[in-house]
Amino acid sequence: MAGDSVVVKTRKFMKNPLLSRRQMIVDIIHPGRANVSKAELQEVVGSMHKTAANLVVLFGFRTKFGGGKSTGFCVIYDSEDALRKFEPKHRLVRLGIETKVERSRKAIKEAKNKGKKVRGTGASIAKHKAKRAANAD
Amino acid sequence: MTSDQSLELLTCIAKSNSTVTTSLHRSIQQYTHNNEYNAKADGLDYLQVKNGIMISYLIDLTMLLRCKLNAGGDESKDVGEHCVKRLQEMKVALEKMRPLEKRMRYQIDKLLALSTLGAGTFAAVGQEEEVKDGSDDEERGEGGELDESDPLSFKPDLQGMMNMFQDDDEKQQPANDSDDESDNESEIEDKHNVTLEKDGKESGVYQPPRLQAMPFDNNDLIHEKEERQRQKQLARMQRSELAEVVRAQYTDAPEEEDIRGGAMLGKQREVSKRLAQREADVTEFEETHMIRLTMGNKEKKERKRIMREEMSNLGAIADLGNVVAGVDDAFGDGTRGRGRKQDTVGNEKFVTRGMRKRKVEVFEPQSSRKGKPRTQNSFQKDLYGGNRSAGNSRRKK
């Protein structure tokens with residue numbers, strides 16, 4: 001916990017109106033410190049770009065060899081709805097907005113193998129079965 | 001005297017020429033004008049036309065040369081002009097014939113081969129011929145057969161194609177019989193199921209349909225591989241530090257030094273340059289696509305190894321690795337390769353494992369080794385000759 005300050009720089013700024021967000025690369029210089037937590041960074045970057053901290057998503061941080069310098073990616077959404085809509089599930093879980101759904105691996109594999117036997121969506125087969133059942137009655 | 005005789009001969013030829021041509025003219029006119037000549041039946045063969053045109057082209061050419069040599073008088077000029085006109089006509093005719101010949105080439109070649117090698121060499125048209133040809137082939141032996149990979153021996157297999165269509169027809173017949181509308185869908189389904197089951201029962205492996213035989217030459221693949229390896233080694237030797245130093249001696253360009261004063265030259269520099277390039281590529285990709293890539297285990301290990309070697313400075317002293325590889329292949333024992341064993345060096349047996357020769361304990365009588373020749377590659381054979389060893393030369397003296 002040295003008294004040195006942390007410098008946060010952004011580069012390669014780009015607007016992405018299709019996903020209603022702004023994306024950039026974040027460089028952090030933190031001599032004497034191990035790492036800066038994402039929560040801290042959210043506030044810092046939010047103040048830098050004049051947005052609320054909860055619309056800022058940070059990911060992919062890697063510290064350079066020797067320490068003191070890290071690089072990562074940052075994405076700032078225009079609204080909470082856009083965030084929920086466009087962010088991938090694992091990052092929403094990290095932010096705490098969604099919770100992880102526990103699904104056993106075995107169940108997933110079984111469902112997938114069952115689906116392999118049906119060609120396409122299986123809508124026409126279902127219709128045919130219903131018709132058969134109706135005819136039998 | 002021979003000159004008199006030749007003069008006589010030439011005058012004789014000239015006289016007989018005149019008589020023969022006149023009589024020929026008359027007979028040809030009679031033949032054509034009496035409707036004995038039918039263009040369709042008696043017409044010229046394509047090949048005959050070609051040969052005839054070639055010969056008359058040559059004749060006209062010599063005539064033209066003679067006219068040019070004489071060069072005096074109007075007569076020769078006229079004759080020369082007529083010659084040139086005829087030559088032009090013939091040239092155009094030959095050019096028009098060329099594409100025709102190209103299309104017929106396969107058939108002509110086949111007929112030629114048939115005439116020289118006999119009828120049993122080609123894929124049979126019908127089954128009867130197959131039976132006959134089989135017996136003929138046995139009698140004739142190797143001389144009359146075309147090589148299996150020769151493209152001339154392949155013919156489209158019409159019978160096979162017929163079989164393919166027949167199978168389809170058989171499968172479709174039961175479908176055409178049913179006329180009920182209510183059970184239509186179920187029948188279609190059953191038919192589909194039946195066909196699927198049939199295919200499944202025959203074999204689980206997909207086999208592509210065999211429509212035409214194709215020639216396959218395995219030697220090409222081996223040669224290509226060897227060629228590629230040779231090229232790679234050549235390129236590596238050219239890029240090596242030794243070659244660069246020698247090249248630098250003979251160029252007039254000014255010498256270049258890097259910031260470290262040329263301390264880490266050669267292989268090490270190349271490798272680290274390549275690494276740096278790769279790292280730059282990776283970071284570029286990551287930053288444009290905002291995604292982090294992972295490094296595989298192999299890459300990690302290689303990097304560690306290179307870092308370790310970089311710390312030590314042995315490479316700067318003398319790294320002849322690239323050159324040594326080629327030299328060793330030429331002058332070495334020829335035993336470094338995949339699992340090649342060398343018989344003996346002196347009285348002991350060695351096995352090449354990795355980069356080193358390891359001694360192997362073998363309990364065998366020594367006399368057995370004298371019969372086996374030492375393995376040599378072509379370079380060594382040229383240099384040192386056959387299976388000579390130093391001892392033999394002494395014995396002869």
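I call a residue buried when its relative accessible area is under 20%, exposed when it is over 50%, and partly exposed in between (1.4 Å probe, protein chains only). The model is predicted, so I keep local features only at pLDDT of at least 70 and side-chain atom pairs only at pLDDT 80 or more, while totals for chains, interfaces and linings use all residues. Residues are numbered from 1 along each chain as its sequence is written, chains are lettered from A and ligands numbered from 1 in the order in which they are written, and side-chain values use heavy atoms, with hydrogens and water left out. I looked up chain B and found that buried residues make up 13% of its 397 residues.

I then listed the secondary structure of chain B. Helices (H or I, at least four residues) and strands (E, at least two) are DSSP runs, numbered from the N terminus. Chain B has 16 helices and three strands. For contacts I used heavy atoms within 4.5 Å. Among contacts in chain B between residues at least 6 apart in sequence, I found that 54% join residues at least 24 apart.

Entry 2, the sheet of chain A. I counted two strands as paired if DSSP finds at least two bridges between them. In which order do the four strands of the open sheet in chain A lie? I read the order as E1-E2-E4-E3, with antiparallel pairing. Strands E1 and E3 (56–63) are the edges, and each pairs on one side only. From one strand to the next the twist averages 20°. Strands of a sheet pair through backbone hydrogen bonds, either parallel or antiparallel.

I followed one pairing further. E1(A) and strand E2 (residues 21–29) of chain A are antiparallel and share eight bridges. Val7(A) has Ile29(A) in E2(A) as its bridge partner.

I also looked for a helix against this sheet. Helix H1 (residues 38–48) of chain A lies across E1, E2, E3 and strand E4 (69–77). H1 runs at about 120° to E3(A). Axes here are lines fitted to C-alpha atoms, for helices over the stretch in contact, and angles run from 0 to 180 degrees between N-to-C directions.

I found eight residues of chain B in contact with 15 residues of chain A. The area buried between the two chains is about 990 Å², and carbon and sulfur atoms give 51% of that. Buried area is the accessible area (1.4 Å probe) that two parts lose on being put together, summed over both.

I searched the interface for polar contacts (a pair of N or O atoms within 3.5 Å; within protein, one must be able to donate a hydrogen and the other to accept it, and residues adjacent in sequence count only if both atoms are side-chain atoms). The rule finds four residue pairs in polar contact across the interface, both residues at pLDDT 80 or more. On the chain B side, helix H7 (184–202) and H10 each supply at least two of the residues that touch chain A.

A salt bridge is a side-chain nitrogen of Lys or Arg within 4 Å of a carboxyl oxygen of Asp or Glu. The whole structure has 16 of them over all chains, and two cross the interface of chain B and chain A.

Which residue of chain A forms a salt bridge with Glu287(B)? The partner is Arg11(A), with the closest N and O atoms 2.8 Å apart. Glu287(B) lies in helix H10 (residues 267–289) of chain B and Arg11(A) in strand E1 (residues 7–16) of chain A, so the pair joins two chains. Glu287(B) counts as buried because its relative accessibility is 19%. Arg11(A), at 31%, counts as partly exposed.

Glu279(B) is partly exposed at 45% relative accessibility, whereas Arg303(B) is buried at 17%. Salt bridges that share partners join Arg11(A), Lys12(A), Asp27(A) and Glu287(B) into one network.

Is Glu87(A) buried or exposed? Glu87(A) counts as buried, at 5% relative accessibility. A polar contact of 2.5 Å joins its side chain to that of Tyr77(A). Glu87(A) also forms a salt bridge with Arg91(A), at 3.3 Å between the closest N and O atoms, and Arg91(A) is buried too. Leaving aside neighbours within four places in sequence, the contacts of Glu87(A) include Arg21(A), Val57(A) and Leu92(A).
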